[in-house]
Amino acid sequence: MQLESEEITGEVTRVRLTGTMDLAGAEEIGLRLSVLAGSRKYLLVDLEGVSFLSSMGIRGLLGAAKTVLRRGGKMVLIKPNATVEKVLTATGCDGLMPIAGSDEEALGLLAPA
Amino acid sequence: MMPTSRLADQIALHNDSREIARLDAWYRCLAEDWPLPAMLVAEMRVCLHEAVTNIVMHGNGCRRIWVAATLEDGEFALSVEDDGPPFDPLKISSGPLAAPLLDVAIGGLGMHLIRSFTDRLAYVRRQERNLLTMARTVDV
């Protein structure tokens, strides 16, 4: 599992995840995702390269989303494939972490309500 | 009269998280060969990961895991058997996450996914082993 990050603006960081987000995959990127969540205000997490998501991967995503929220920020998921999106909706994660179809949509979701 | 076709395959694993990659490769190879819809294959892959990951993480005393797949009479079934202490995963309460993000307790999600993606679930303790069967009707 791979994690790449790039700072879009001073407060918004885009995180691109690639690979299988199962037990092993979640462990591989868990620390780096936690560090990013603890140091950035807004995270756009690009899931387009994630071919598989299990509950272990969900734990990592929710943990990061919680950390960001505690610091007054927000995390948005971008472009999950059909199966990954079904896992997110079946578990109710879509109500806790917004899902966007593009970077533009995701940036719009980061704006204060 | 057409004979009823039956497909079956199985794999044995050690109770070790590193074995999940081998299990996943076995499942994806099987799924390529069997006449199954792509979304069903993907959702049952989630179920398989959840069931085996649960054993690997919580199955203290378990040494071996056996997984069998069958496609018969319009049903695709995955059976996960382990030699750990008695444990009925169907007794795990589960549901979608409903609380606000900061309050949400992350537990039981794996079982919730299994319940969401299967049509039939069964657990039995037999011959000192736990046997969980997860099945899905295959639309012809």
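A: In this predicted model, strand 4 of chain B and strand 5 (residues 129-137) of chain B pair in the antiparallel sense, over 7 bridges. Within strand 5 of chain B, Met134(B) is the residue that stands opposite Leu121(B).

The two strands belong to an open sheet of 5 strands in chain B, with the order 1-2-3-5-4 and antiparallel pairing. Strand 1 (6-14) and strand 4 (120-126) of chain B stand at the edges; each has a single partner strand, so one side of each is left without a neighbour in the sheet. From one strand to the next, the twist averages 15°.

Helix 2 of chain B lies across strand 2 (64-72), strand 3 (75-82) and strand 5 of chain B. The helix runs at about 10° to strand 3 of chain B.

Met134(B) is also among the residues that Cys47(B) touches, along with Leu78(B), Leu113(B), Ile114(B), Phe117(B) and Thr118(B), leaving aside residues up to four places away in sequence. Cys47(B) is in the largest nonpolar core, which has 64 residues; Leu43(A), Val45(A), Cys47(B) and Ala51(B) touch the most other members.

The contact between the chains takes 23 residues from chain B and 21 residues from chain A. On the side of chain B that touches chain A, the elements giving two or more residues are helix 1 (19-33), helix 2 (38-58) and helix 3 (109-117) of chain B. Helix 2 of chain B gives the most, with 8 residues. By class, this side of chain B has 14 nonpolar, 6 polar and 3 charged residues.

Terms used:
Residues are numbered from 1 along each chain as its sequence is written. Chains are lettered from A and ligands numbered from 1 in the order in which they are written. This is a predicted model: local features need pLDDT of at least 70, side-chain atom pairs count only at pLDDT 80 or more; totals for chains, interfaces and linings use all residues. A nonpolar core is a set of buried Ala, Val, Leu, Ile, Met, Phe, Trp, Tyr and Cys residues joined through C-beta atoms within 7 Å. A residue is buried if 20 or more other C-beta atoms lie within 10 Å of its own, exposed if 12 or fewer, and partly exposed in between; C-beta atoms are placed from the backbone. Two residues are in contact if their C-beta atoms, placed from the backbone, lie within 7 Å. Helices (H or I, at least four residues) and strands (E, at least two) are DSSP runs, numbered from the N terminus. Ala, Val, Leu, Ile, Met, Phe, Trp, Tyr, Cys and Pro count as nonpolar, Asp, Glu, Lys and Arg as charged, and the others, Gly among them, as polar. Two strands pair if DSSP finds at least two bridges between them. Axes are lines fitted to C-alpha atoms, for helices over the stretch in contact, and angles run from 0 to 180 degrees between N-to-C directions.
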